[in-house]
Amino acid sequence: MGLFDNAIPGGNITKPLMIALGALLVGKMLSGRSAEEPEQSPAPAPAAPVPTETTTADGGLLGGLGGLLDKLRDAGHGNTADSWVGTGQNQSINANDLGAAIGPQIIREIAQRTGLDEQELLKQLSTALPGIVDKLTPNGQVPQQHQVASAFNS
């Protein structure tokens, strides 16, 4: 995947994990479309209500990378999130802590989209996010949303 090849231990980002990362960071990846492809015909209504207002403007389910970092900070994991953005060593995050920070509704939505079990999804995200965020913030600054989308499309 280019930029993300060595972002996670083992260097292997599976398609479900890329969908999950895209769901958090780049809104239109939820449906498998790239961030630049226009929406085609409307999809059938989902069985459960989907928080459509949170997927607007290609910001992902949490409002993009900045929104994800804010969620982590609000949940008491600011030092961990800041270590991913900063230029030093990345701190790890427990899968359950990550799930609590993101929220059960978002985790459920992403798990449904990826076909992964919620616990497996959290395990993979907790392993991948420190390296992915680190790669997206090489200078210790959170990029603009279009830059994040470009990283996923390259």
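Contact here means heavy atoms within 4.5 Å. The model is predicted, so to speak for local features a pLDDT of at least 70 is needed, side-chain atom pairs count only at pLDDT 80 or more, and totals for chains, interfaces and linings use all residues. Residues are numbered from 1 along each chain as its sequence is written, and side-chain values use heavy atoms, with hydrogens and water left out.

**Overall picture**

The chain has 7 helices and 0 strands, with helices (H or I, at least four residues) and strands (E, at least two) taken as DSSP runs and numbered from the N terminus. Of its 154 residues, 45% count as buried, meaning under 20% relative accessible area with a 1.4 Å probe and protein chains only (exposed is over 50%, partly exposed in between).

**H1 and its two partners**

Helix H1 (residues 15-25) packs against H6 (residues 118-136) and also meets H5 (residues 104-114). Axes are lines fitted to C-alpha atoms, for helices over the stretch in contact, and angles run from 0 to 180 degrees between N-to-C directions.

| Helix pair | Angle | Axis distance |
|---|---|---|
| H1 and H6 | about 65° | 10 Å |
| H1 and H5 | roughly 140° | within 9 Å |

The H1 and H5 angle makes H1 oblique to H5; under 35 degrees would be roughly parallel, over 145 roughly antiparallel, 65 to 115 roughly perpendicular, and the rest is oblique. H1 passes H6 in a right-handed crossing, and the crossing of H1 and H5 is right-handed too. Right-handed means that the near helix is turned clockwise from the far one by less than a right angle, and left-handed means anticlockwise.

On the H6 side, Leu17, Ala20, Leu21, Leu24 and Leu25 of H1 meet H6 residues including Leu121, Leu125, Leu129 and Ile132. That contact divides into 11 nonpolar residues, 1 polar and no charged. For these classes, Ala, Val, Leu, Ile, Met, Phe, Trp, Tyr, Cys and Pro count as nonpolar, Asp, Glu, Lys and Arg as charged, and the others, Gly among them, as polar.

Towards H5, H1 uses Pro16, Ile19, Ala20, Ala23 and Leu24 to meet Ile106, Ile110, Arg113 and Thr114. The buried residues of H5 are Ile106, Ile107, Glu109, Ile110, Ala111 and Thr114, and their cover includes H1, H4 (95-102) and H6. After H5 comes Gly115, with a positive phi near 80°.

**The core**

A nonpolar core is a set of buried Ala, Val, Leu, Ile, Met, Phe, Trp, Tyr and Cys residues joined through side-chain atoms within 4.5 Å. The largest one holds 37 residues, and Leu25, Leu125 and Leu129 touch the most other members. H6 gives the largest share of this core, 8 residues. Leaving aside neighbours within four places in sequence, Leu129 is in contact with Leu21, Leu24, Leu68, Trp84 and Leu98.

**Two other buried spots**

His77 sits in the loop between H2 and H3 and counts as buried at 16% relative accessibility. Beyond residues up to four places away in sequence, His77 touches Leu72, Ile93, Asp97 and Ala101. Ile102, found in H4, counts as buried at 2% relative accessibility. Ile102 and Ala75 are 27 residues apart in sequence but 8.7 Å apart in space, C-alpha to C-alpha.
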